[in-house]
Amino acid sequence: MRSATLLEPRRFQIDALEAPAPGEGEVLLKVRGCGVCGSDMGPWKGIQGLEYPMKPGAPGHEVFGTVEALGPGVQGLRPGDPVTALTYRAYSEYDVARAADVVPLPPSLSDRVVLGEPVACAVNVSHRAGVKEGDVVVLLGTGFLSALLLQLLNRPEAPSPSRVITISRRRLSAEMAERLGVDESLSYDDDVHHRIGAVTGGQMADVVIEATGKQRPLDLGGELTRVRGRLIVAGYHQDGPRTVNMQLWNWRGIDVINAHERDPGIYKRGMEEGVRLLAAGAFDLEPLITHTFPLAEINRAFSTSEERPEGFLKSVVLPEARA
Ligand SMILES: NC(=O)c1ccc[n+]([C@@H]2O[C@H](COP(=O)([O-])OP(=O)(O)OC[C@H]3O[C@@H](n4cnc5c(N)ncnc54)[C@H](OP(=O)(O)O)[C@@H]3O)[C@@H](O)[C@H]2O)c1
């Protein structure tokens with residue numbers, strides 16, 4: 001099989017390797033595609049504490065494909081089944097997953113791009129955010145995760161916020177938020193404190209979701225959260241320690257929620273719920289996938305995700321596609 005190995009920051013190499021054999025309770029997946037996650041940018045750029053070369057296929061974890069073979073003891077799955085899964089080495093033609101971490105796809109999704117992992121994250125972040133009827137919600141950052149969160153907030157059966165306001169860096173991201181029906185899209189150059197104060201009678205927002213993983217939006221998140229409001233840290237702050245204005249957080253008594261999950265069971269429940277919602281048409285991934293690349297061009301998939309050119313929102317690597 002062909003597999004991509006991140007040899008050092010900013011350099012994948014494609015190698016021909018033996019396909020792994022699934023062990024007890026595992027399945028071999030034929031990878032149809034793997035999304036490039038915001039959190040993959042740390043290993044790509046080089047962050048402290050990582051060892052290079054990384055394992056072949058790492059850090060690819062937004063996988064979808066079909067079951068190729070079953071290891072001993074696996075029941076309830078068959079070769080050929082379309083699935084998404086939790087795996088960590090999916091920049092490759094094949095990857096192995098625990099059968100317990102595999103979510104089958106219904107026939108209606110079998111030839112679609114189903115990035116189960118980020119969908120699971122969005123579902124779980126939305127649960128942790130706990131938006132209630134009538135809340136004023138501010139979303140800092142309008143990347144792929146926020147696009148999913150906005151679609152989840154928009155579902156008719158979800159509690160209706162009284163106002164959803166996004167704060168975006170690029171104009172394109174603001175336009176995407178507007179297409180997804182936000183009440184107001186602001187930029188970091190606007191007087192966002194004044195604006196959020198004006199629409200909340202000076203109270204500030206009930207729920208603020210920080211979805212960038214950067215210091216300044218984290219600072220702003222605290223500043224825009226009302227007394228006893230909720231600051232949801234969905235961004236992954238992987239490039240070093242952060243400082244926070246604890247005096248402000250204390251004074252306002254805000255609840256700060258780290259909306260990150262590590263329990264595979266919770267991840268899987270989020271993925272199952274996300275797949276059900278996708279199959280029901282409650283939200284849609286495909287318009288958000290702006291760039292696809294064959295495995296041979298994985299370096300370009302990553303450099304494009306880093307540069308975020310005009311029109312970019314999300315890269316997906318497709319091992320079967322031709323260069
Ligand atoms: N909690 C979870 O379970 C979970 C799951 C997935 C991802 N994440 C994390 O959530 C964050 C967003 O993920 P994503 O998939 O949406 O990534 P993404 O598509 O790459 O979006 C990143 C967002 O951050 C904004 N941004 C980047 N640098 C910024 C800066 N210096 N100042 C202000 N805004 C900045 C980008 O603005 P532009 O669009 O204008 O460039 C974009 O809106 C990342 O930190 C990611 O690791 C967390």
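Q: Which helix lies between strand 9 and strand 10 in the right-handed β-α-β unit that they make?
A: In this predicted model, a right-handed β-α-β unit is built from two strands, strand 9 and strand 10, together with one helix. The helix of that unit, which covers residues 171-179, is helix 4.

Q: How many bridges join strand 9 to strand 10, and which residue stands opposite I165?
A: Strand 9 and strand 10, the latter made of residues 184-187, run parallel and are joined by four bridges. Within this pairing, the residue of strand 10 that stands opposite I165 is E184.

Q: Which residue in strand 9 stands opposite V137?
A: Strand 9 also runs parallel to strand 8 (residues 136-140), to which five bridges join it. From strand 8 the chain passes through helix 3 to reach strand 9, in a β-α-β crossover that is right-handed. Opposite V137, the residue found in strand 9 is V164.

Q: How many of the six residues of strand 9 are buried?
A: A residue is taken as buried when its relative accessible area is under 20%. Strand 9, which spans residues 163-168, is mostly covered, and the number of its six residues that are buried is five.

Q: Which elements give two or more residues to the lining of the second largest pocket?
A: The second largest pocket has a volume of about 210 Å³. Of the 13 residues that line this pocket, those closest to its centre include S126 and L153, and by class the lining has eight nonpolar, three polar and two charged residues. The elements that give two or more residues to this lining are helix 2 (116-129) and helix 3 (144-153).

Terms used:
Residues numbered from 1 in each chain as written. Predicted model: local features only at pLDDT ≥ 70, side-chain atom pairs only at ≥ 80, totals over all residues. Heavy atoms only, no water. 1 Å grid on protein atoms, 1.4 Å probe; cavity = no way out; pocket = protein on both sides within 12 Å on 5 of 7 lines; lining within 4 Å. Points joined across faces, edges and corners; volume = space filled by probe spheres on them. Nonpolar A, V, L, I, M, F, W, Y, C, P; charged D, E, K, R; others polar. Buried < 20%, exposed > 50% of the residue type's maximum accessible area, 1.4 Å probe, protein only. Pairing = 2+ DSSP bridges. Right-handed = clockwise from strand over helix to strand, strands pointing away.
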